[in-house]
Amino acid sequence: MLRYMVRRILATIPVMVVVAIFVFSLLYFAPGDPAAIIAGDQATAEDIALIRESLGLDRPFLVRFGEWSWNILNGDLGTSIFTGLPITHLIAQRIEPTLSLTVLTLVFAILVAVPLGVLAAWKAGTWVDSAVMIFAVLGFSVPIFVVGYILAWLMALQLGWLPVQGYRSIGDGLWPWFRSLILPSISLGCVYIALIARITRSTVVEVLRQDYIRTARAKGLAQMPTLFIHGLRNAAVPIVTVIGIGFAMLISGTVVTESVFALPGLGRLTIDAILHRDYPVIQALVLIFSFAYVLVNLAVDLAYTLFDPRIRY
Amino acid sequence: MPATTLAATERPDLFVVRRRRSGVLGFLIGNPRITIGGGMLALVVLMAICAPLLATHDPLSLAPWLRARFPSAEHWFGTDMLGRDIYSRVIYGARVSLTVGISVAVLTSVVGLFIGLIAGYLRWADGILMRVMDGLMAIPSILLAVALMALTRGSMVNVIIAVTIADIPRMCRLVRGVVLSAREQPYVEAAVATGTRTHVIIRRHILPNTLAPMIVQATYICASAMIVEAILSFIGAGTPPTTPSWGNIMAEGRALWQIKPFIVFFPAVFLSVTVLAVNLLGDGLRDLLDPRAATRT
């Protein structure tokens, strides 16, 4: 087990290296000369050359990549061109809404999607199943911002139940914080729910065909324990896997959701960085989001044994 | 229904309990998702092709004195903040979405097939290629597309390239998986044993296996590419703002959406319906072409 864990953790290193190379190339090949930008409009060619030399921009790709990686390992993500602030500082400012939104959506989506998928599998072939699957196709097809605008229009503007936009920090109290995240979480969760419900249904349908389910039913075990203890438990591995893979959708979705609901998070920071062509910030954000994705999937892999004790490494 | 197909189904056949209709109509009835999805998509394609005939106004002409008007007999879907006719813009927007969706699907298939075949067939290349693909896959696709778009000017071609790069790993893994399982098949071993040349084996025995799953995957990629294009345009990193794309129309309506929700609403409906059509078509094709995958996902 320990050997497997170590091997699995080591296996993420090449992935992270590829991500890092890609993200670094992004800045390296970005149009515009950072030295010229820093030097300003009045600078002469000599000034720019001087700045370039002092920043080390004239050195070869590999040397700069090594230095950049070393800085990141030491927790230095660089400086924003637009604001002049350290990027770690910008991210620390903006991480709370994003983290809140992601965690809340994750919890909410799993709580809705898994029972929905089990229900569809249990009632496979009936109208309940069709309804859940139609919802799943819709969830895949209606873009997040469309769901977001419809929800905000209905729940906030027409009914006035929830705030339209904006974010309340968790420091302002749990309830205002939660209220400000209800609509964003539902919008962001739709695709994720569709994905998880679909995979849950198909795996549970498969499991329900097994002999031990027939045995459980034959010995008179009630419907719910059969479904959830025998059915869901044995279907857990694919479901957990898809939750991990779908995390990428969740991350991509935060960029859009934060924009629709005016949440001052990392997604919003990404959009601002694009509009200002603030390459170091874009670079840092892509890197952080990707590493988060890799780590979540690492955790999923390591969690397999928890769900299925038959898996031994 | 043509008479010939009637004759085929009217034959008394004691062993067949459920008669299957044959012919085109039978196929369409037997595969409702392909019928509905394909039909809806055909309408959108028709709309895109006939855009100049269907549009009531020039989608680009400005009329600042007619800003953000509600839908009326003159402007069916109202006008946007610059007085442009939203109905005409939405009609022309179908061209952008379909072009991006279909181009990305085709390009991803071609490049993904090429890399997937190499990775699946050449052992030494497999390790390197798959590590690169794993790395690319670790970057959430919208972020990857956004990052690539930040490097270039906003244009439709650049959107297509950015989304394609972000989607290639998915196709590549699929092809590689099919190749790896196909090359273990007895008929491939037999072909190798009889001295068939590698390129012939790939063309005759491996490629046909990849076709069905690739078509299904390409449909899903087409659907997601249209969403990504709209998202990119919506956040200001996609097609240039003057282009009438659904994402751009929504982006323009964003500032006013609380009082003039129709600006966002109409392109949103068209985008959702088109993506739904492609997804339905994909589900139908999957059930038809790859019955085993249908039970899995």
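Let me begin with a definition: a charge sits over a ring if NZ of Lys or CZ of Arg is within 6 Å of the ring centre and within 35 degrees of the ring normal. Keep in mind that this is a predicted model. In chain A, K123(A) lies over the face of W122(A), and the distance to the ring centre is 4.4 Å. Chain B has an example with arginine: the charged end of R183(B) is placed over the ring of Y121(B), at 4.9 Å from the centre of that ring.

Next, rings with rings. A pair of aromatic rings is described by the distance of the centres and the angle of the planes. Over all chains, the structure holds eight aromatic pairs. Take F145(A) and F234(B): the ring centres are 4.6 Å apart and the planes are at 20°, and planes under 30 degrees apart count as stacked, so this pair is stacked. Which parts of the chains does the pair join? F145(A) belongs to helix α7 (residues 144–158) of chain A, while F234(B) belongs to helix α10 (residues 198–234) of chain B, so the pair joins two chains. F145(A) is buried, at a relative accessible area of 0%, and F234(B) is buried as well, at 1%.

Compare that with F265(B) and F266(B), an edge-to-face pair with 5.5 Å from centre to centre and 70° between the planes. Here F265(B) is partly exposed, with 45% relative accessible area, whereas F266(B) is buried, with 17%. Back in chain A, ring pairs also link F24(A), F65(A) and W68(A) into a cluster.

Now the contact between the chains. It takes 46 residues from chain A and 46 residues from chain B. About 3800 Å² of area is buried between them, and carbon and sulfur atoms give 75% of that. On the chain B side, L143(B), L151(B) and W257(B) supply 17% of the area that chain B buries against chain A, more than any other three residues.

How many salt bridges cross the interface of chain B and chain A? The rule finds one. D283(B) and R198(A) meet through their side chains in a salt bridge, at 2.9 Å from N to O. As for which helices of chain B touch chain A, those supplying at least two residues each include α6 (123–138), α7 (141–151) and α12 (262–289).

Over all chains, the count comes to 16 salt bridges. One of them joins D129(A) and R201(A), with 2.6 Å from N to O. D129(A) is in helix α6 (residues 127–141) and R201(A) is in helix α8 (residues 174–208), both of chain A, so the pair ties together parts that are 72 residues apart in sequence. D129(A) counts as buried, at 6% relative accessibility.

In chain B, R170(B) and D167(B) form a salt bridge at 3.0 Å, N to O. They are three residues apart in helix α8 (residues 156–182) of chain B, so about one helical turn separates them. R170(B) is partly exposed, at 32%, but D167(B) is buried, at 3%. Last, salt bridges that share partners join R198(A), R33(B), D283(B), R286(B) and D287(B) into one network.

Definitions and conventions:
Residues are numbered from 1 along each chain as its sequence is written. Chains are lettered from A and ligands numbered from 1 in the order in which they are written. This is a predicted model: local features need pLDDT of at least 70, side-chain atom pairs count only at pLDDT 80 or more; totals for chains, interfaces and linings use all residues. Side-chain values use heavy atoms; hydrogens and water are left out. Rings of Phe, Tyr and Trp (its six-membered ring) pair if their centres lie within 6.5 Å; planes under 30 degrees apart count as stacked, over 60 as edge-to-face and the rest as tilted. Helices (H or I, at least four residues) and strands (E, at least two) are DSSP runs, numbered from the N terminus. Buried means under 20% relative accessible area, exposed over 50%, partly exposed in between (1.4 Å probe, protein chains only). Contact means heavy atoms within 4.5 Å. Buried area is the accessible area (1.4 Å probe) that two parts lose on being put together, summed over both. A salt bridge is a side-chain nitrogen of Lys or Arg within 4 Å of a carboxyl oxygen of Asp or Glu.
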